[in-house]
Amino acid sequence: MTDVTYAITGDVAVITVDNPPVNALGQVVRQGLWDAITQFDDDANAKAAVIIGAGRLFIGGADITEFGKPPVAPFLPDVINRIAASTKPVIAAIHGTAMGGGLEVALGAHYRIATPTAKLGLPEVTLGVIPGAGGTQRMPRLVGLDAALTLMTSGKPVSGAQAQEMGFVDELSSQDLLADALTYAARLIADGAAPRAVTDLPFPGADADVLADWRQRLTKTAKGQVAPLAVLDAVVAGTEMSFDKALAEERRLFLSMLDTPQRSGLMHAFFAERAVAKVPEIKGVAPRDISHTGVIGGGTMGAGIATAMVLAGLHVTLVERDDASANRARHTIARNLASAVKRGKLSESKRASILSDALATVVGYDALSKADLVVEAVFENMEVKTEVFRELDHVCKPGAVLATNTSYLDVNQIAQATQRPGDVIGLHFFSPAHVMKLLEIVVADATAPDVTATAFALAKKLGKIGVRAGVCDGFIGNRILSQYRTAVDHMVLDGASPYAVDRALVDFGFAMGPYQVSDLAGLDIGYMTRQRKAADAHPRDRSPVFADALYHEGWLGQKTKHGYYIYDDGSPKGRPDDAVMAIVDKSRANLNLTPRDFTADEIVRRTMAAMVNEAAHVVQQGIAQRPSDVDVVFLSGYGFPRFRGGPLHYADTVGLDTILSDIREFAKTDDHFWIPAPLLERLVADGRNFSSLNR
Ligand code: NAD
C-alpha cells in the first residue's frame, strides 16, 4: 500500500495522504509528500496541487510510534519548507482534524480550504513540547500575535469556520471537500494566482509591553509548565530574526524539550488515558442498550449525574423522597443546563426540550420500570442504600443495570440486597458530576461482564474517562486520598500550618491544597467520615483533633464563609485566619506536642510518599488494573498536576529507592503510619519501577 498517492484530475495534481487510522506523519508519509511535491513541480500537466487526507481526516499529527526514537529524514520542517517552495499553487484541503504537524503541513501549503466542522489545532504544549515544524513562525503571520499565542499556548483546537474567521483558512467547503478544492484550484489557476508562501508575509511586530504581559500571564496560568513559555520564546524569536533563523530557534527549543520530565509526564498521561479502557474481561463483550435511565436522589451528586445524562442525550427519571426535594433537583438541573447554554454548549431550544421531554423528577419508584440503568445517589449510609436496592430489585425490569454512586461503602454488600447481584456495579462519579471527567467503575464479585462493558460504554457516552476499580474502602481514588489526608494532618499536628501545606502542594502543581479542598467540600464531610471509621480506629491512629474543633465551631468551609480560611471579601480564595491557628495550637498543646518546622520540600515528600505507598497496595491487591490507571484517577479526578504524569509516574521519576528510603526515614518517628508496602519493597529490591507493571 502506498501512503501518499499522486493523481491528475484535469490540470490539478491530487496528493492524497493515506495512512490509516489517522494519516500520521511517519517517515514513509514524509518521504511520500516530498516525492509527490517534487513530481508535481516536474509535471507540466499540473498547474496546481491539492493535498488531502484519505478516510475521516486530513492529518492527525506526528506518528506516535516514532516517539522516543532517533528522528529519520526527511524531517518534517524540511518537508513543509519543500511544499512551501513549490513553484505552483498548493492547496491544503482539510476535513476531520488537522492537528500538530498535520496543521503545520497545511500552513506550509499556499492556500487552505476546510470543512466548517473540521478541528484545527496546535496541541503540542499538552504533550510538553512546542510546534516544531514552523507552526510558531507561520501561525502568527496568518492570524496575528495574540490569536496565535492563544491557540498555541492553550493547545485547544478551533473549528474550520473559526479558522476562517481568524484568517488561517481561506475558503470553507460547503459539501464535497475534494470537489470544492478542485473548484477552488481552478479559480486560482484562472486568476493566475501565485504560490503564496505564508513566510512571504511579514511577522507581526510586537510591543515589548505586549510580550511582557503575555509572559506574566503565562507564568501565572501555566503553573510551572515550561512548554507555554517556550512557545512565547519561539514567537519572540520570530519578532527578532529572519524566518530561517527563527525556524532554527524553534527547532532548538523543540528538541530541548524532548528529554524533559514534563514532556515525559505529559506523554505518560496521554498513553495512560488510552490504556485505561483496555479491560480484558470485557474484550468482545457487547454492552447492554441504554436509553432510559433512572437516578435515585437529587442532591449534590444525583442532580449532577442527571445533568450529565440528559446532556448526553439520555432520558432520565429522577426519584426523590418528597415533592419539595424533587422540585429542588429539577431546579438544580435546569440551572446546570442554563449554564451550559451560557457557555455555548447547548442551544436554548434544546434546553427547553430536555426539560419537557427528557427529564422527569418524581416521587416513588414505579416510574423506573422502564429504566435500562439506574444510578443510586442517596445518603452515604448502608441501611438507606440496601433499602433502595431492595426496592429497585422489585420494580426494575430484568436486565436493568443497577449502579451505586457510593464513595466508600461495600458494593458487594449492596449487591447482595438484590436477587440479581450480577446486574449491580459501582459508578463512582466525582463532584460536580456533569463537569468532572473521572468515573470509577467499581466491579463487584458477582458483576456480569456485560454490565461492566455497559458501564464503560456509558462513560464514553458521557464523555468521561472510565477507570476499572475493585471493591475496597474508597476504591482507587478515595482510598489513596485518605492516606494523603492523614499525612498532611499529621504534619499540621506536628507543626506545619494548613496554609503552608496548601501552598507547598499548590506550588507542586495541585489544583488546590488539601485544606482548600476541605473548605470547598465542607468540613462536615470529613467529620462524618471520621465518625464512621472511629469504631475501627487503631489506638495509635492520630486523629486531626483540630479539624473536629473547627467542625464544632460551626466553621464548615465555604458554605459558612469560614473554614480553614475566611471568606469575607467575596473572593472564593479566602484568607488565612489567626483564630484557626489558635485552635491548631491548642490542639497541639492538648496533645503535648512541640511544633517543629516543615520545609515545602518535606511537605511534598511526605505527601507523595504516603500516596505512592498506598497506591502500591492498591496495585498489588488488583484494586487498580495497572499503575497507570492510578495515575489517570488522580489526573482526571483529583487535580494532580498533569505535567508530573500522576503519582506513580512521578514516583518512577523520583526513583522508588528514594521514596522507600523516605518512608523508612519517616518511620523512625512514626512506625505505625509509615509501613512500606510489600510491592514497593519488592520493586526496589528487583531494581524495577511501576512502569514495568503497566500492561
Ligand atoms: P446529598 O445529601 O446532597 O443528596 C442525597 C439526596 O438523596 C437527598 O436529596 C435526599 O433527599 C435523597 N434521598 C435520600 N434517601 C432517598 C431515598 N430513599 N429515595 C430517594 N431519594 C433519597 O448527598 P450527595 O453528596 O449527593 O451524595 C450522594 C451519594 O454520592 C453518597 O453515597 C455519596 O457518598 C456519594 N458521592 C458524593 C460525592 C460528593 O462530592 N458529594 C462524590 C462522589 C460520591
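This is a predicted model: local features need pLDDT of at least 70, side-chain atom pairs count only at pLDDT 80 or more; totals for chains, interfaces and linings use all residues.

Biologist: Okay. Is Y564 buried or exposed, then?

Modeller: Y564 is buried, because its relative accessible area is 1%.

Biologist: Which ring does Y564 pair with, and in what geometry?

Modeller: With F546, edge-to-face. The centres are 6.4 Å apart and the planes make an angle of 70°. F546 sits in helix α22 (residues 545-553) and Y564 in the loop between α22 and β18, so the pair ties together parts 18 residues apart in sequence. F546 is buried too, at 1% relative accessibility.

Biologist: How many aromatic pairs does a search of the whole structure find?

Modeller: The search gives 15. One of them is Y499 with Y565, edge-to-face, at 5.0 Å centre to centre and 75° between the planes. That pair links distant parts of the chain, 66 residues apart: Y499 is in helix α19 (residues 498-508), Y565 in strand β18 (residues 565-566).

Biologist: Buried or exposed, that Y499? And Y565?

Modeller: Y499 is buried at 8% relative accessibility. Y565 is buried as well, at 5%.

Biologist: Which residues form an aromatic cluster?

Modeller: Y484, F508, F510, F640 and Y650 form one.

Biologist: Switching to charge. Which residues make the positive surface patch?

Modeller: K156, R343, K345 and K437.

Biologist: Where does K345 lie? Buried or exposed?

Modeller: K345 is in the loop between α13 (323-342) and α14 (348-358). With a relative accessible area of 63%, K345 is exposed.

Terms used: Residues are numbered from 1 along each chain as its sequence is written. Side-chain values use heavy atoms; hydrogens and water are left out. Patches are made of residues with over 30% relative accessible area and no salt bridge: like charges are joined within 9 Å, nonpolar side chains (Val, Leu, Ile, Met, Phe, Trp, Tyr) within 5 Å. Accessible areas come from the Shrake-Rupley method with a 1.4 Å probe; for residues, only the protein chains shown count as cover. A salt bridge is a side-chain nitrogen of Lys or Arg within 4 Å of a carboxyl oxygen of Asp or Glu. Lys and Arg count as positive and Asp and Glu as negative; His and the chain ends are not counted. The place of a charge is taken as NZ of Lys, CZ of Arg, CG of Asp or CD of Glu. Helices (H or I, at least four residues) and strands (E, at least two) are DSSP runs, numbered from the N terminus. Buried means under 20% relative accessible area, exposed over 50%, partly exposed in between (1.4 Å probe, protein chains only). Rings of Phe, Tyr and Trp (its six-membered ring) pair if their centres lie within 6.5 Å; planes under 30 degrees apart count as stacked, over 60 as edge-to-face and the rest as tilted.
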